[in-house]
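My entries follow the display.

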Amino acid sequence: MLAAVALILMAATASAADSPGDFEKNLLPYLQAHCHRCHNGAKASGDFRIDTLSRNVGKENNPQWLEVMDRINSGEMPPRKEPKRPTAAESAKAVEWIAGRMRDGETARMASRAKVTYNRLTRDEYVNTVRDLIGVHYDARDPGNFLEDPEWHGFERIGSVLTLSPSNIEKYIAAAETILNEAYPPVPPPLRKGQKPPEPFGGTKPALYEEQISERHRERLREMGLLDKVRYEMWPGDIYRYSLLKDPLPETGIYEVSYKLSGLRPPDGRAPRIKVYEERLDRVLFEQDIVAPEDKPITVTFRAHLPKGRPNIHVYNDVPGPSNLPRSGRHSDLPFISTKMGRAPWQMKLTDEEGVARYPFLILDSVTWRGPILSESERKLRSDYMPGTEGDMAMARECLATLARRAFRRPATDAEMDGFMRIVEGELAAKEKFRDAMKAGMTAILNSKSFLFISEGDEKSSRATLNDWEIASRLSYLLWSTMPDEELFTLAEQGKLRDKAVLAGQFKRMIADPRSRRFSESFATQWLRLRKVGMFQPDKKLYPDYDKALENSMVSETVAFFREVLEKGLSLREFLASDWSMLNELLAKHYGLAEAYRAAQARSGELGEFIRVALPAESHRGGLLTQASILSLTSDGVRHRPVHRGVWVSEAIFGRSPPPPPANVDPIATNPAGPKSTLRQKLEAHVHDARCAACHSRIDPLGLAFENFDAIGRWRTEEITDGIGANPKVDSSGKLADGREYRDSDQFKRVLLEDMDSFNANVVEKLATYGLRRAMGFNDREKLDRIAAAGKASGYRLRDILEALVCSDLFQLR
């Protein structure tokens with residue numbers, strides 16, 4: 001029946017609008033015969049009533065009518081158990097009529113749509129754009145700066161959701177001032193005769209300065225020639241607070257910091273992990289596992305944006321270990337030279353009698369600073385916007401016009417430039433310095449709606465398609481999360497970006513650029529709801545091995561997995577079932593795959609945080625669904641949640657959001673004092689409630705497949721629970737609403753692979769929602785179908801699907 005409905009729908013929707021007919025004649029008899037009995041005021045199955053929906057189909061109650069059409073078209077409604085079901089022709093006619101009315105309504109709404117739409121830059125897009133525009137790294141996530149962006153079904157780029165409040169405006173003004181003060185700091189006064197210029201900031205400091213060593217030990221070590229050999233040992237959880245040089249940081253900017261250190265790990269234990277944290281900014285600057293012999297330290301280097309002055313930097317050995325509260329977990333005044341020379345007798349022993357590490361610990365030698373660092377390209381950007389000659393107003397206008405063109409992602413109009421110049425002239429009339437007057441003009445540009453919003457459309461005319469400048473912005477913010485580069489600007493100026501061949505060439509260029517990694521991180525995070533990982537912190541008593549490093553590794557695996565599928569030209573099938581994943585050592589141990597990880601390391605020679613690991617057949621891993629990030633974000637920190645897991649699969653894989661649960665339903669019972677039972681058994685008792693059964697019959701089988709995984713994604717065969725008797729065995733078998741059965745998560749994945757067309761269509765819609773910054777409507781379906789068809793023809797390769805979106809007609813529509 002479904003095929004017949006689909007064929008009739010495709011043939012009929014084009015002509016449906018030409019013969020609208022009448023609701024009572026064309027649709028009401030079908031609804032009365034097959035729908036009203038269950039969806040009326042007396043029953044309202046699934047809390048959904050049809051009898052009260054507006055008969056003005058296509059203009060009112062559109063989401064509900066679209067749901068009705070989808071359910072009829074899929075064959076889900078009327079239910080198969082109904083004794084009298086409609087024929088394929090009757091259902092096709094009903095779908096045809098609703099589709100025609102929806103198309104009519106869409107056309108009417110397009111005609112009345114605002115001439116210009118505005119999509120506010122997200123927090124991350126603002127940061128990236130400012131860096132590429134003016135060469136300043138603005139730390140938007142620091143306390144007191146920008147708030148988190150609101151989301152819609154996980155997506156943070158939806159224009160209608162990203163509104164502008166008065167608090168946003170205040171923060172944008174403050175941000176612009178901060179950015180410009182860093183880009184154009186006060187010019188130092190000229191040196192007086194005989195005065196030497198200040199020494200450039202930087203240098204290397206030992207782990208401890210001489211004056212930090214107690215006097216009695218200092219003299220002894222000097223006599224022994226060991227005073228410059230003092231190091232700083234860090235056991236698990238220990239803190240080092242002496243990273244700064246004696247001089248403060250001279251300016252706000254990017255600084256390069258290097259730590260020379262060793263890392264000793266116990267046999268089969270975790271590696272020590274350095275974490276560099278700025279306390280006032282509440283920001284992790286750097287973290288990495290360290291494995292290096294005591295006599296062969298390594299140097300790790302990173303760059304961080306830091307404020308002028310003396311930042312409050314703490315360095316941690318961020319691994320679990322024995323408590324540091326007893327006296328044995330403290331530093332003594334005896335300087336540490338080496339493990340062979342030993343420590344104070346009352347301190348905990350870091351090594352055994354043979355010198356083998358008992359705990360993962362770090363030995364820090366020195367810290368090196370360099371900065372602030374300003375690249376030539378960043379220096380040039382700043383010079384582009386500031387006249388070289390004091391008071392040159394013609395050059396001032398040219399400089400501001402250059403800034404405005406890049407900031408607005410289009411040429412500024414004469415009227416806009418006149419307004420900015422009036423600001424500069426007003427500041428000069430008020431006796432401000434020329435440099436400060438120019439900064440006032442720049443501040444106005446950085447607070448203009450043409451900078452803060454990506455605008456699409458034209459106030460002077462109604463148009464449904466994008467112009468070349470708008471296409472450049474859409475493409476750049478899709479793949480790079482930042483403003484277009486000079487090549488895109490040039491193509492826009494030449495009017496070439498509507499050419500599909502040119503767009504395909506730009507896609508290939510841009511996807512090969514390192515900045516495209518932002519797309520992998522941003523889209524994967526939003527599509528899969530990865531920001532929810534860690535929202536409910538696991539109970540430390542139940543999951544003592546869970547810490548922030550493991551949590552970050554979980555998210556990083558999923559992002560790295562997505563990036564591997566995209567960059568290596570792999571199929572969407574890999575998201576459902578794969579024989580590989582991207583693991584680091586910590587996550588490999590969490591999965592019980594340490595041996596497979598070491599084999600992958602030996603084969604590839606890779607030493608990075610995440611490498612591609614071939615999964616043994618018995619690993620029960622592979623694809624997204626059995627990654628710890630997904631399994632933990634659908635848990636509550638204490639126990640796994642099969643219903644939540646089912647909802648996630650329904651939304652992320654099938655693109656369908658289940659209705660909210662009915663009100664006043666008792667929650668699932670906690671563990672009773674009687675015989676032990678699994679959460680599944682409690683859930684089965686719960687869904688005997690008639691109000692719950694219908695939805696749970698569709699949702700639960702999607703989540704019960706993962707009963708072998710606990711709340712933090714570890715494999716198990718029995719469920720640890722309270723009660724009397726032995727822990728019960730878990731059951732991960734199930735039966736889908738369409739009758740297909742599975743035995744476990746591995747077989748469930750194979751069942752999903754049978755629905756590749758549905759998954760492909762869902763991924764296409766998610767990509768389009770992300771790229772166009774809006775929800776997809778009925779009028780987009782035909783274009784989405786064409787993109788999905790192109791993806792199928794390419795073997796469902798993610799990279800080809802993304803390119804098909806960029807080169808589609810849909811991509812050039814508002």
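**Strand pairing and burial**

I began with strand E5, which is joined to strand E8 (residues 298-306) by nine bridges, the two running antiparallel. The model is a predicted one, in which local features need pLDDT of at least 70, side-chain atom pairs count only at pLDDT 80 or more, and totals for chains, interfaces and linings use all residues. Residues are numbered from 1 along each chain as its sequence is written, and side-chain values use heavy atoms, with hydrogens and water left out.

I noted the terms: helices (H or I, at least four residues) and strands (E, at least two) are DSSP runs numbered from the N terminus, and two strands pair if DSSP finds at least two bridges between them.

I then checked the cover of E5 (residues 253-264): 10 of its 12 residues are buried (under 20% relative accessible area; exposed is over 50%, partly exposed in between; 1.4 Å probe, protein chains only).

Next I traced an open sheet of four strands, ordered E4-E9-E6-E7 with antiparallel pairing. E4 (239-240) and E7 (283-289) are its edges, each with a single partner strand, so one side of each has no neighbour in the sheet. Strand E6 (residues 273-278) is joined to E7 by six bridges, and Val276 stands opposite Phe286 in E7.

Last, I examined helix H23 (residues 642-652), where nine of 11 residues are buried, among them Trp648, Arg645 and Glu651.
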